[in-house]
Amino acid sequence: MTGKTSFATVAPSRDALASRLEEEFVGADFQPGTKLPSERKLAARFGVSRPVVREALRGLVERGLIEVAPGRGAFVRAARTSDAARPLDVLYRRQKATPRDLVEARLMLEREAAGLAAERAQPHELEAMERALERFDRSNDLVERARCDVAFHALIARMSHNPVIETMFSSIASLTFELVLRSLGDPTVSREGLPYHQEIYEAIRDRDPDRARQAIEGHLLIARRLYGEDLDRSLDLVARRELERVFGRSVSLEAIVAELGLPEAGR
């Protein structure tokens, strides 16, 4: 005996079954939308109970690999850029990221994204960017304006047509939302920063990469000049303070950020 076991002789645990299902049904050979065998068939094949199958499938759902439609079954799920966001977001928060940290990271990421967007943006993406700006201008609600602001910047990343850049922005989207709350709640920062939105849009629309990079740089550096002591405070603390100021009471930042998601405009 070698000490090794096989699925043919030993019923797999929930985690082992999930790994096997991932290997067999969620690999590169299976297109999004491909239906997995029923719980009954999977249970019979692997010699386990249906509750074990159900738990294994739930694990794949939590990892974003499949989706389950009640009454229809389990299906392979298309990969999304937001899949990488949650674990990295948790890591950033545990490391007590500050506005200074985020501004430095966004400068490196969004400066190049804006240049690539000026070269690669499609007409429907430019239209989506214009709609995001129009929605921003129509709203008087701080949270809604912050969502529109993040949508605008997410579109810049998407328009780079580089999935790595888009995924990297996705991982900092909720932190960016918190930074935007601070900026929009400060009349001085807003007065200097908001005109850059139009400049960025026009540079990308006019296919001018250098001007797009300069505009996004000017936009992001405002926080470094005007945030004062907030620049080196925890982003969470700064955002919570702004929400309490606006609503006059304690507000769940987690709930607001959870509702944010990643904008699907332009797709």
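The following questions and answers walk through a predicted model, from its overall make-up to single residues. Residues are numbered from 1 along each chain as its sequence is written, and side-chain values use heavy atoms, with hydrogens and water left out. In this predicted model, local features need pLDDT of at least 70 and side-chain atom pairs count only at pLDDT 80 or more, while totals for chains, interfaces and linings use all residues.

Student: How many helices and strands are there in the protein?
Tutor: Helices (H or I, at least four residues) and strands (E, at least two) are DSSP runs, numbered from the N terminus. By that rule, the protein has 14 helices and two strands.

Student: What share of the residues is buried?
Tutor: Buried means under 20% relative accessible area, exposed over 50%, and partly exposed in between, with a 1.4 Å probe and protein chains only. The protein has 267 residues, and the buried part comes to 46%.

Student: Among contacts between residues at least 6 apart in sequence, what share joins residues at least 24 apart?
Tutor: A contact means heavy atoms within 4.5 Å. Among contacts between residues at least 6 apart, the share that joins residues at least 24 apart is 73%.

Student: In what sense do S1 and S2 pair?
Tutor: Two strands pair if DSSP finds at least two bridges between them. Val68 has Ala74 as its bridge partner in S2, and Ile66 has Val76. S1 and S2 are joined over four bridges, and the sense is antiparallel.

Student: Which residue in the turn of the hairpin has a positive phi?
Tutor: S1 and S2 form a hairpin, with three residues between them. In the turn, a positive phi of about 85 degrees belongs to Gly71.

Student: Which element gives the most to the lining of the second largest pocket?
Tutor: On a 1 Å grid over the protein atoms alone, a pocket is an open set with protein on both sides within 12 Å along at least five of seven lines; a cavity is a set of points where a 1.4 Å probe fits but cannot get out; lining residues have an atom within 4 Å of a point. The second largest pocket has 18 lining residues, with Glu39, Leu57, Val68, Gly73 and Ala74 nearest its centre. Helix H2 (39-46), helix H3 (50-62), strand S1 (66-69) and strand S2 (73-76) each give two or more residues to this lining. The most, five residues, come from H3.

Student: How many residues of that pocket's lining are charged?
Tutor: Asp, Glu, Lys and Arg count as charged; Ala, Val, Leu, Ile, Met, Phe, Trp, Tyr, Cys and Pro as nonpolar; the others, Gly among them, as polar. The lining of the second largest pocket has nine nonpolar and three polar residues, and its charged residues number six.

Student: How far is Glu39 from Ala74 in space, C-alpha to C-alpha?
Tutor: Glu39 is found in helix H2. Not counting residues up to four places away in sequence, Glu39 touches Arg50, Val53, Arg54 and Leu57. Glu39 and Ala74 are 35 residues apart in sequence, and their C-alpha separation is 8.9 Å.

Student: What is the volume of the largest cavity?
Tutor: Grid points are joined across faces, edges and corners, and a volume is the space filled by probe spheres set on the points. The count comes to three cavities of 30 Å³ or more. For the largest cavity, the volume is about 200 Å³.

Student: Which residues lie closest to the centre of the largest cavity?
Tutor: H5, H7, helix H9 (173-184), helix H10 (187-193) and H12 each supply at least two residues of the lining. The lining divides into 10 nonpolar, five polar and two charged residues. Of its 17 residues, the closest to the centre are Arg106, Val180, Ser183, Val189 and His219.

Student: Is Leu109 buried or exposed?
Tutor: Leu109 is found in helix H5 (residues 99-120). Leu109 touches Ile165, Met168, Phe169 and Ile172, not counting residues up to four places away in sequence. With a relative accessible area of 10%, Leu109 is buried.

Student: What is the phi of His161?
Tutor: Most residues other than glycine have a negative phi. His161 lies in the loop between helix H7 (142-159) and helix H8 (163-171). His161 is partly exposed, with a relative accessible area of 40%. The phi of His161 is positive, near 55 degrees.
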